[in-house]
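Here are some friendly notes to read alongside the model. Keep the structure open and find each residue as you go.

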Amino acid sequence: MPCYGWAPVPVVLNPEQSAAVAHRGSALLVLAGAGTGKTRVITHRVAALLDEGIPPWRILAVTFTNKAAEEMRARIDRLCEGRHATKEIWVGTFHSICARLLRRFGQPLGLSPHFTIYDTADSTAVMTKVLEALDVSDKLFTPRGVLGWIDRAKNRGLGPGELDALGVIEPVRSVVAKAFAAYQARLLAANGADFGDLIVHTVALLRAAARPRETAGQQLAGDDPVRALLHRFQHVVVDEFQDTNPLQAELVDRLASHAELCVVGDDDQAIYGWRGADVDQILRFADRHRGTHVVRLEHNYRSTGLILRCADAVIRRNAGRLGKTLWTDAGDGDPVRVLELPGEREEARLVAHEIRHAIDDGASPDQFAIFYRTHAQSRVLEDALRTAGLGVRIVGGVAFYERAEIKDILSYLVVLLNPDSDAHLGRILNRPARGIGNTTIDRLAALATARGTSLWQVLPAAREAGLGAAACKKIAGFVALIEQLRERVAALPLDALVAEVVERTGYRESLVLDGDEESMGRLENLQELLGNTEEFLSEHPGATLSDWLEQTSLVGGERGEGPRAQAVTMMTVHSAKGLEFDEVYLTGMEERVFPHARVLEDPVQMEEERRLAYVAITRARRKLTLTMVARRRIYGQLQPGTPSRFVLDLPREALATAAARPRPQPVVERPAPRTPAWNEDVVYDAAPEIALEPDELEGFHAEVDGGVALFVGMHVRHKDFGIGELVGWSGAGRQLKFNLRFARVGLKTILARFCEPV
DNA sequence: TGTTATTGTGTTTTT
DNA sequence: CACAATAACA
């Protein structure tokens with residue numbers, strides 16, 4: 001992830017940052033507010049360690065997202081400028097680091113080096129089979145629900161027999177326990193691991209290696225490489241520590257068992273509680289590590305004063321926080337805007353329209369970001385941006401890699417490396433249709449179960465499964481196809497291999513023969529997959545199939561074409577964590593959207609939602625616009641929208657108003673020095689004094705006349721006066737009047753029908 | 001056995 | 001409203 005535009009970051013580290021960089025000799029906890037130079041501290045710390053002579057391979061840096069890992073590596077490289085072999089530093093996400101370790105050392109656990117990482121869809125497919133076999137009510141036990149319990153168990157390091165700790169009540173507990181065990185057995189037999197397993201298995205390895213040798217078994221004795229791993233790292237740095245779950249915390253502790261540990265985090269940005277993350281990890285860190293040194297970073301270098309005021313107004317209403325207050329010396333900056341529009345199309349058009357104009361005036365597209373709470377909101381926005389001729393880059397999104405045709409081809413690729421992966425083999429056996437029907441597959445699966453082997457193993461024995469000659473012939477053809485392709489894996493470069501799979505399996509041909517619109521779309525998607533593969537190969541020369549599969553399962557994707565600098569970025573607020581942009585549009589600021597309908601009843605989740613809003617606001621450097629709509633389509637039904645409580649929490653003097661009220665001066669003031677709240681009782685901020693009443697928002701309402709969304713600040717052309725800025729309006733229809741400010745003639749009130757939108 | 005129509009069904013967020 | 005799972009068809 002590049003650095004977006006300018007940043008008013010001082011050349012020299014401030015005293016707190018320096019302290020965090022320089023501290024040695026005990027565990028270090030850096031409590032770093034948004035935009036306070038957290039990544040800077042980490043990268044400088046790593047660079048300093050290298051300068052002190054620590055070998056790069058003895059340093060480990062862990063992040064949560066691949067974007068963060070990429071950026072961190074890039075910044076370390078830049079800082080070290082060829083002075084050190086930075087390639088040898090281990091930088092990665094929890095999951096990628098664990099996958100790497102398991103490929104190398106996972107054999108004792110039953111994982112071969114080419115084990116398959118199961119994504120959510122793969123796991124669901126397996127669990128569906130498991131529940132069918134258990135013959136339990138599929139109303140009461142959905143694959144998703146059971147997997148949810150299993151995931152929660154894994155996040156806390158619990159096995160099928162330890163579900164009590166989760167507080168699962170009885171009929172559920174025993175069913176989940178059975179399903180859990182059966183699911184793990186299937187995954188292991190298929191040489192597969194789901195996301196949670198990556199951590200679970202790695203911790204198991206490290207636990208075993210840490211035990212005294214006599215109990216650890218033969219193969220772990222002596223020059224055990226895993227044991228060596230425990231001594232490998234001298235320094236471990238963990239970013240976004242507030243989002244670790246208990247098992248990940250154990251993983252960190254073990255990897256750092258002979259290292260100095262530095263964790264960086266912000267309790268106000270903990271937004272992954274639903275995934276098992278537990279802020280307690282950060283709260284209890286000092287208890288687990290004696291002599292922990294704590295550094296707090298509160299000086300914000302990212303955002304302007306009024307943006308920070310808004311952020312503070314939102315987050316201060318949370319009770320359970322350590323209580324930081326960000327401050328800046330950057331000045332107020334532009335007021336934050338709140339705009340209401342009639343519907344989501346208008347909302348999208350407004351955003352597109354404004355960005356279009358800014359770009360026409362010379363702004364760079366990558367300065368802009370559009371955030372939303374859920375992916376479902378992205379579609380309308382994407383359409384509007386494309387209509388406005390803007391390049392779009394969508395992070396995550398209605399995942400490209402989850403589309404049927406993509407999953408099919410990727411399943412072929414998985415099978416080429418790991419034919420025992422039943423879930424993937426079962427998926428492609430008859431895709432494209434080659435006359436291997438469900439009954440055939442069911443019988444083969446039954447035989448595999450009876451023999452305790454994988455599906456692939458029984459394919460040559462199709463006859464013994466009671467199948468007719470025709471079916472056997474087709475199976476044999478399929479086996480031959482896969483085996484031919486397997487021979488090509490080592491022979492072809494990655495992109496050629498993928499192309500060959502699309503071709504030789506007859507997949508492309510079947511789509512071409514179909515010829516309808518949908519199939520054409522699928523063909524395009526396959527083309528895009530090929531493009532992504534080529535891009536990956538050029539970024540990672542010599543990458544193997546294994547590398548590519550890991551990338552697709554762990555990294556997910558970005559959608560959009562063209563160079564990044566030419567595109568506006570769209571993403572969920574969750575994906576935005578850790579990033580920053582000059583100008584941010586935060587859309588869908590309505591109750592039931594953000595905060596999401598599902599959290600309204602639960603105060604704990606509501607606090608997380610509030611932190612999410614805080615994260616969103618603090619991404620903006622210079623300009624922040626919040627939009628909300630009067631009516632939104634949910635479930636295909638028009639639903640009235642009410643302003644988000646987070647909007648109502650904003651201090652009115654930080655907002656742009658229709659009446660262009662004189663702007664007050666106060667920035668967030670430097671807070672009085674406070675004794676560190678660390679490990680004491682939580683500090684509660686004083687009650688907020690200013691907040692918006694719902695009716696105060698009226699001045700912001702935008703309206704639509706003739707299909708054009710109106711909003712304060714938009715530009716309008718008049719044939720005599722030229723271009724003017726809209727400062728307000730009155731009336732409606734033919735009587736709609738604009739209050740406009742023109743550069744030459746100043747303020748004018750003009751009938752709207754004499755003006756046209758620019 | 002494979003394709004198509006219909007009826008449910010359900011939606012946060014991610015590695 | 002979309003999409004998936006099911007039912008009815010060819």
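1. Just after helix H3, Glu81 has a positive phi of about 40°. Helices (H or I, at least four residues) and strands (E, at least two) are DSSP runs, numbered from the N terminus. This is a predicted model, in which local features need pLDDT of at least 70 and side-chain atom pairs count only at pLDDT 80 or more, while totals for chains, interfaces and linings use all residues. Residues are numbered from 1 along each chain as its sequence is written, chains are lettered from A and ligands numbered from 1 in the order in which they are written, and side-chain values use heavy atoms, with hydrogens and water left out.

2. Now look at H3 itself. The helix covers residues 66–80 and spans 21 Å from its first C-alpha to its last, close to the expected 21 Å (1.5 Å times one less than its number of residues). Its buried residues include Ala69, Met72, Ile76 and Cys80; buried means under 20% relative accessible area, exposed over 50%, partly exposed in between, with a 1.4 Å probe and protein chains only.

3. Is Glu240 buried or exposed? Glu240 is buried, with a relative accessible area of 8%. You will find Glu240 in the loop between strand E6 (235–238) and helix H11 (246–255). Its side chain makes a polar contact of 3.4 Å with that of Lys38 and one of 2.8 Å with that of Gln242. A polar contact is a pair of N or O atoms within 3.5 Å; within protein, one must be able to donate a hydrogen and the other to accept it, and residues adjacent in sequence count only if both atoms are side-chain atoms.

4. Next, the DNA. Arg373, His375, Thr439, Thr572 and Tyr635 come nearest among the 26 residues around DNA strand B (near means that a heavy atom of the residue lies within 4 Å).

5. An N or O atom in the side chain of Arg144 is 3.3 Å from a phosphate oxygen of DNA strand B. His574 has a polar side-chain atom 3.4 Å from a base oxygen of DNA strand B.
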